Amino acid sequence: MGILEVKDVGKRFGGLQALGDVNLSVAENSVHAIIGPNGAGKSTLLNCLVGKLIPDSGSVMFDGQSVLGRNPYQINQMGISRVFQTPEIFGDLTVMENMMIPIFAKRDGAFRMHAIENMMAERDIVEAAERSLEDMNMADKRHQHAASMSRGDKRRLEIAMCLAQEPRLLLLDEPTAGMARADTNNTIDLLKQIKDERNITIAIIEHDMHVVFSLAERITVLAQGTPLVEDTPDNIKGHPKVREAYLGEAA
C-alpha cells in the first residue's frame, strides 16, 4: 500500500475521455514519475490529486484518507503540496517576502497581501524564512524582487515555499520546463537532496527524459488517458508499449 493510491479513476470532458480507469500506487519516500505523450491525461490526473478536478469515478487516497470532495487548501493541509508548470510566485515581492508567505499562512491559516507588515513584525517568521533561504542557497537573493530572477531561481523559490508547508507529498508538474540545461541539472540535484534529507515523497510529471531517468524509482506511462505500463526506469526504456506510445508505431 502506497502513501498515494489511485484506484480506477476516470474523467470525461463532454465526449472526451481524459482518464479511463487509472490505477497508480506511489510508495512512501520514493520518486514516482508520470510520463506520456501530449494529451495523455497527465495534467488531468494531477488536477484530480489536488482538488482542482473531481473524477467521475474511482478513488484517490492519501495516507488512508480520501482527497475527493476536498478543496485545494484542505488537501494542502493534509500534507500535499504542488509545484505548477509555470512558477507561481509574487513577482512584485522580494524573495524574502515570498518565503514568509507560506510560513505565515501555515501558522495563521490565511494570508492577505496587506499582512506583509504583520509578517515582518513577527521575528519567528522572519527567522524561519531566513533558514529556509539558507537551506536552498538563496540567502544572497533575499532582497531581490522575484520577477527579476532566472526561471531556475524562481523554481527553486517556489519549491522552497512548498517545503515551508512541511508536506509529505510533493507534486511537480514539469518543473524543468523552459530551463537551460544547467538549471535543469541544478533542479535534479535539489530534488535528490530534498528527497534524501526530508523523508518526502515526490510525484513528478515531466517530458524531459533526462530528468525522469535521473530521479525516478518507478515510472507510470499514460497514453490516451489509460496506463500502459508501470515499472522501473531500466525496464521502461526499451518497453515496446512505451516506444509505440512515443513513436507511433509498434516496436
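What span should the 18 residues of helix α7 have at 1.5 Å a residue, and how far apart are its end C-alpha atoms? The legends below describe close-up views of a predicted model.

**View 1. Helix α7 from end to end.** Helix α7, made up of residues 181-198, should span 26 Å at 1.5 Å a residue, and because its end C-alpha atoms are 25 Å apart, the two values agree.

View 2. Thr 184, Thr 187, Ile 188, Leu 190, Leu 191, Ile 194 and Lys 195 are the buried residues of α7. Seen down the helix axis, these buried residues fall within an arc of 165 degrees, so they line one face of α7. They pack against the strands β3, β7 and β8 and against the helices α6 and α8, whereas the face turned away from the buried side carries the exposed residues Ala 182, Asp 196 and Glu 197.

**View 3. Strand β6, covered on both faces.** In β6, which comprises residues 80-83, Ile 80 and Arg 82 are buried on one side, and Ser 81 and Val 83 are buried on the other. Strand β6 runs parallel to β7, to which four bridges join it, and Val 83 has Leu 172 of β7 as its bridge partner.

**View 4. Two loop residues with positive phi.** Asn 137, in the loop between α5 and α6, has a phi near 55 degrees, and it counts as exposed because its relative accessibility is 62%. Gln 224, in the loop between β9 and β10, also has a positive phi, near 55 degrees, and with 69% relative accessibility Gln 224 counts as exposed. Most residues other than glycine have a negative phi.

How values were computed. Residues are numbered from 1 along each chain as its sequence is written. This is a predicted model: local features need pLDDT of at least 70, side-chain atom pairs count only at pLDDT 80 or more; totals for chains, interfaces and linings use all residues. Side-chain values use heavy atoms; hydrogens and water are left out. The expected span of a helix is 1.5 Å times one less than its number of residues. Buried means under 20% relative accessible area, exposed over 50%, partly exposed in between (1.4 Å probe, protein chains only). The arc is that of the directions from the helix axis to the C-beta atoms. Contact means heavy atoms within 4.5 Å. Two strands pair if DSSP finds at least two bridges between them.
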